[in-house]
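Trainee: Could you walk me through how to read a structure like this one?

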Amino acid sequence: MNGIIDLGLVQVLLSYIFIIMVLIIVRRRGINREKEIAISSVRMTLQLIITGYLLAYVFENPHPVVTILIIVVMEGFAVHTVINKFKGKLSDKLKKIIAFSMVTGTLSCLLYFLMIVVRISPWYDPQYFIPIAGMLIGNSMTGVSLGVKSLQEGMTVQKSWVEEALILGATPKRATREILNQTFDAAIMPTINSMIGMGIVFLPGMMTGQILSGTSPNTAVTYQIAIMLGILGAVALSVMIMLQLGYRSYFNEADQLIE
Amino acid sequence: MIFRFSDVRYRDIIEIDELTINKGVTILLGPSGGGKTTLLRMLNKMISPTKGQIFFMGESLAKIESVQLRRKVMMLSQNPVVFPGTVRDNLAIAFEFQDKIKPDDDALDDMLSRIQLNKKLDDGVINLSGGEKQRLALGRLLLLEPEVYLFDEPSSSLDDDTEDLIIRMLSMHVEKQGQSIVMVTHSKRIAEKYADVILEISEGKVLRSVKNERDN
């Protein structure tokens with residue numbers, strides 16, 4: 001196998017030609033998005049550079065407290081993003097449920113994946129812990145975010161159906177069953193779709209990264225298969241916990257819809 | 001006695017110090033916006049009083065589990081929701097909601113003729129008129145045989161003849177089954193024809209409670 005080609009500063013700067021191209025296109029077409037594109041490019045660059053230095057340091061000086069701290073920050077950021085990305089008002093109860101479901105859904109899958117599947121040693125090995133946590137948490141963030149949006153829409157648009165079901169003697173759980181099923185579907189479909197296209201339409205990021213850094217494609221593939229299953233598990237579990245607890249936030253103790 | 005109100009308030013909409021509703025047909029009459037629908041919704045605990053207590057068969061509603069109460073005290077809204085699917089799905093849906101065994105097609109067909117709905121069980125419900133939807137929703141309630149029916153203008157979308165047929169069928173049905181009706185209507189004619197008791201309600205208060213000798 002050939003050695004890895006290191007990208008120098010000039011080579012990285014050369015890839016900015018793509019951003020300049022996009023900026024020219026949006027300006028010419030009068031699409032008012034130049035600022036967002038420029039800011040997000042710069043932000044991405046800075047964030048990744050800082051993360052690179054941080055990870056290099058953490059990998060060289062592994063410590064359980066540091067690993068845990070990084071996971072806490074990742075979870076916190078993910079929960080914050082789900083709540084902030086939602087356009088509209090979420091009840092405090094639902095916000096707490098989102099946080100709980102994200103953390104329990106991702107952490108349980110992460111620990112199983114690292115301890116039982118990969119069997120890392122020491123248990124806090126940041127080289128495995130952090131990137132795999134990133135993938136599980138990141139994908140669950142997208143799933144829960146879609147789930148919250150779909151749940152809120154369902155409870156608004158189909159409110160009269162829920163109310164009629166209550167009138168006809170349904171429990172709140174039964175009255176919201178169709179909405180919860182639709183929501184679960186909407187939340188996990190992107191993950192399922194990406195699994196379908198994987199290896200044919202595109203090579204997933206982690207696998208590409210491993211191959212580029214010299215890992216044999218076979219090793220990269222086995223990791224990718226395992227991590228995709230872990231991602232699906234984490235997304236499904238987080239969304240399911242959010243739904244199982246979240247639907248109750250629309251009802252009071254007397255099983256009445258909260259106005 | 002099926003319901004008793006004690007010092008009941010609901011926001012600034014309802015203000016009832018004492019009220020009893022007995023077995024039989026009780027009709028609530030009064031102007032729009034007077035609190036009749038709010039009163040009905042309190043009886044099946046879709047909402048709860050902000051002050052005071054309502055008793056059902058001697059037990060405080062606050063102590064009765066809402067879902068169990070709603071299976072005994074069932075309401076037909078003024079604009080009932082029809083669920084996507086067929087006439088059959090809609091007639092049987094409450095059995096699904098209550099985890100009960102669904103009635104067979106013969107029972108459902110029989111119900112269609114009782115509620116004067118000239119449709120087949122496999123027909124879709126999208127194109128039903130307001131009156132047809134109301135009768136379909138009434139049919140799904142009648143199949144469940146609750147102890148008390150709460151009707152919020154059950155015949156508002158019907159012509160006079162159909163209205164008479166439906167209300168007569170209802171009143172005969174509940175009498176035979178030993179059930180009760182609490183019904184909101186604007187029609188004094190219907191009230192005088194079918195009520196055992198007429199409650200006149202305005203601005204959230206019970207103005208009068210009159211025992212009625214039925215015309216029919």
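Predicted model: local features only at pLDDT ≥ 70, side-chain atom pairs only at ≥ 80, totals over all residues.

Trainee: Which strand pairs with E5(B), and in which sense?

Mentor: Strands are DSSP runs of E with at least two residues, and helices are runs of H or I with at least four, both numbered from the N terminus. Two strands pair if DSSP finds at least two bridges between them. Here strand E4 (residues 51-56) of chain B pairs with E5(B) over 2 bridges, in the antiparallel sense.

Trainee: What is the order of the strands in the open sheet of chain B?

Mentor: The order is E2-E1-E4-E5, four strands with antiparallel pairing. Strand E2 (14-21) and strand E5 (59-60) of chain B are the edges, each pairing on one side only. Helix H1 (residues 36-43) of chain B lies across E1, E2 and E4 of that chain, at about 120° to E1(B). Such angles run from 0 to 180 degrees between N-to-C directions, with axes fitted to C-alpha atoms, for helices over the stretch in contact.

Trainee: How many residues of strand E7 of chain B are buried?

Mentor: A residue is buried if 20 or more other C-beta atoms lie within 10 Å of its own, exposed if 12 or fewer, and partly exposed in between, with C-beta atoms placed from the backbone. In E7 (residues 148-152) of chain B, 5 of its 5 residues are buried. Val148(B), Leu150(B) and Asp152(B) cover one side, and Tyr149(B) and Phe151(B) the other. As for its partners, strand E6 (residues 73-76) of chain B runs parallel to E7(B) and is joined to it by 4 bridges, with Met74(B) opposite Tyr149(B). Strand E8 (residues 180-184) of chain B is also parallel to E7(B), over 5 bridges, and Leu150(B) stands opposite Val182(B) there.

Trainee: How many helices and strands does chain A have?

Mentor: Chain A has 11 helices and 0 strands. Of its 259 residues, 29% count as buried.

Trainee: At what angle do helices H6 and H11 of chain A pack?

Mentor: Two packed helices are described by the angle between their axes and the distance between the axes. H6 (residues 126-157) and H11 (residues 217-246) of chain A pack at about 35°, with axes 8 Å apart. Gly143(A) and Val144(A) are among the H6(A) residues that meet H11(A), whose own contributors include Ala234(A) and Val235(A). The contact divides into 12 nonpolar, 7 polar and no charged residues; Ala, Val, Leu, Ile, Met, Phe, Trp, Tyr, Cys and Pro count as nonpolar, Asp, Glu, Lys and Arg as charged, and the others, Gly among them, as polar.

Trainee: How many residues of chain B are in contact with chain A?

Mentor: Two residues are in contact if their C-beta atoms, placed from the backbone, lie within 7 Å. By that rule, 18 residues of chain B are in contact with 14 residues of chain A. Helix H2 (66-72) and helix H3 (87-97) of chain B each supply at least two residues of that side of chain B, and H2(B) gives the largest share, 4 residues. By class, this side of chain B has 10 nonpolar, 5 polar and 3 charged residues.

Conventions: Residues numbered from 1 in each chain as written. Chains lettered and ligands numbered in written order.
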